[in-house]
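Colleague: I am new to this structure and would like to learn how to read its helix packing. Please take me through it.

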Amino acid sequence: MSQFPQTLKTWRKARRFSQLDLALEADVSTRHISFLETGRAQPSREMIGRLGDALNLPLESRNLMLTHAGFAARYPGRDWHDDVMMPVRAAVSHVLTGHAPFPALALDRLWNVVEMNEPAGRLFGMLSVEKGSSLLDLMMSDLLPTVIENWPEVAHHSAQRLRIESISQGGVTALDRVVEHLSALARERVENPTAVVPTVYNAGGIRFSLFSTIAQFGSPADLTLDDLKIELFFPNDKPTEDALRALDAA
């Protein structure tokens, strides 16, 4: 028997859909969803695509659903340096470079640094972060509590973000391990809340207060791009902006 029925059922439950919910989203009958989950009906490639859209599955999980149903995977996972990725690399470089004098990183699904701009290299170099570094390993280290003034708050919000990312991908052991570690250190900020919770670095006599935004590709058809996210950091106060501009001019 194919693995597809259990795969579909697992994802439906992960998304907290009833069979009726999924049937409505995928525009099929509840009976057909039931038959797919019991193996009484076999899905077509087109049906798997509709189910993937309805469940908002990452591309890697769509590939897995296809192979579990006996089809070839649809979405490739190209190397970042492949020629066909050149326009994407150029776009990422444009965003990162244009964000100077403020730091910016491109990260993969496991928070490894794929690319970084010069301001990020200068700032995060203080934390021994460079291209290829794992930010998950950094979060598990003893370093951040010594250089981030509000580490318990940052740990709380980082754990929330990682938990959501893991759930959206169907559970990622590497992310869940860091969530467990950060949750033991975390403290939610409740008094005098601000619009954002900044990360306040204090290292080598230099203090930076930063918040960030996340950008991702809107229509990826490749596993590498589906996983890629760009994190853009912004100063949370005037002294931080002045310090970043001074570093950039040095």
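Modeller: Start with handedness: a crossing is left-handed if the near helix is turned anticlockwise from the far one by less than a right angle, and right-handed if clockwise. Helices here are DSSP runs (H or I, at least four residues), numbered from the N terminus. The crossing of α1 and α5 is left-handed. The model is predicted: local features need pLDDT of at least 70 and side-chain atom pairs pLDDT 80 or more, while totals for chains, interfaces and linings use all residues. Residues are numbered from 1 along each chain as its sequence is written, and side-chain values use heavy atoms, leaving out hydrogens and water.

Colleague: At what angle do the axes of α1 and α5 cross?

Modeller: Two packed helices are described by the angle between their axes and the distance between the axes. Axes are lines fitted to C-alpha atoms, for helices over the stretch in contact, and angles run from 0 to 180 degrees between N-to-C directions. Those of α1 and α5 cross at roughly 150° and come within 8 Å. The two helices are therefore roughly antiparallel (over 145 degrees).

Colleague: Which residues of α1 and α5 meet?

Modeller: Contact means heavy atoms within 4.5 Å. From α1, Phe 4, Thr 7, Leu 8 and Trp 11 meet Ser 61, Met 65 and His 68 of α5.

Colleague: Which residues in α1 are buried?

Modeller: Buried means under 20% relative accessible area (1.4 Å probe, protein chains only). In α1 (residues 4-14) these are Phe 4, Pro 5, Thr 7, Leu 8, Trp 11 and Arg 12. They lie on the same side of α1, because they cover an arc of only 165° around the axis, taken from the directions from the helix axis to the C-beta atoms.

Conventions
Buried < 20%, exposed > 50% of the residue type's maximum accessible area, 1.4 Å probe, protein only. Parallel < 35°, antiparallel > 145°, perpendicular 65-115°, else oblique.
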